[in-house]
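Take a look at the model below, then work through the exercises one step at a time.

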Amino acid sequence: AFERYDVVLVEAAPSGASPASELDSADGILESWNDEDPEPGFEEMIITLGFNYESLVEGRACDWGERRVLHLDGEVTTCPTIKSVGYSTWAPAFLAGVAAMEVSTTKRAAAIGGLPIPPVEAFIDGFAAGVAHAGGTVDEVVYFSPSDDGFANPDLAEERARALYADDVDVIFPVAGSSGLGVIEAAKAFDARYVVGVDADQSYLGRGVVIGSVRK
């Protein structure tokens, strides 16, 4: 798009001490953008990135004026001027489960999720199915509570992961945003303990520990 069109990009990153306050911040940003008149001569598009913003986009319905909206990582059908892109994560997570059992000696795995919401559950369900297909078991699925800020709490994730690794679970799949960094650090403290990364290639965070990553 930058090569073909005269594009001006304005970026914003919502912030907050909790998921709820981050959503409030994002809603305020969208409100401020929508209250501004479009620049003369420009067609404006608002792009939202992340399944946690799906509710904000849906909630506004068609209240976007002449602007178009592109929502990535979700499915929004409330308005014809909104297009959304969803990602199929069950199948690649299934393959990750099979791969996990290739390195596992105990044939025991676990998963850690930021919150029990559909996008996270799709990852974990696919991983568990792959592990089972390869002859292993997912002994435990740990979900953080909203008050634990499950997508940004690496210390808590490391604590949970250390307990699982000490109990002979040898592969953990964290679907928990930056909390997954704690799982990688926990794996480094043990011999023959592994992690499956998520969303992006995380191998550089733990060579020999991160066996692969489920990318969108």
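**Exercise 1.** Which element gives the most to the lining of the largest pocket, and with how many residues?

*Solution.* Keep in mind that this is a predicted model.

- Step 1: Find its centre. The lining has 34 residues, and the closest to the centre are Leu 9, Val 10, Met 45, Ile 46 and Ile 47.
- Step 2: List the elements that give two or more residues to this lining: helix H1 (19-35), strand S1 (45-49) and strand S2 (68-72).
- Step 3: Pick the top contributor. Strand S1 gives the most, with five residues.

**Exercise 2.** Now try the second largest pocket. Which residues lie nearest its centre, and which element gives the most to its lining?

*Solution.* 

- Step 1: The second largest pocket contains about 810 Å³ of space.
- Step 2: Among its 33 lining residues, Phe 51, Asn 52, Phe 151, Gly 177 and Asp 199 lie nearest the centre.
- Step 3: Two or more lining residues come from each of H1, helix H4 (118-133) and strand S7 (194-199).
- Step 4: H4 gives the most here, with four residues.
- Step 5: Finish with the classes: the lining of the second largest pocket has 20 nonpolar, seven polar and six charged residues.

Note on methods:
Residues numbered from 1 in each chain as written. Predicted model: local features only at pLDDT ≥ 70, side-chain atom pairs only at ≥ 80, totals over all residues. Heavy atoms only, no water. 1 Å grid on protein atoms, 1.4 Å probe; cavity = no way out; pocket = protein on both sides within 12 Å on 5 of 7 lines; lining within 4 Å. Points joined across faces, edges and corners; volume = space filled by probe spheres on them. Nonpolar A, V, L, I, M, F, W, Y, C, P; charged D, E, K, R; others polar.
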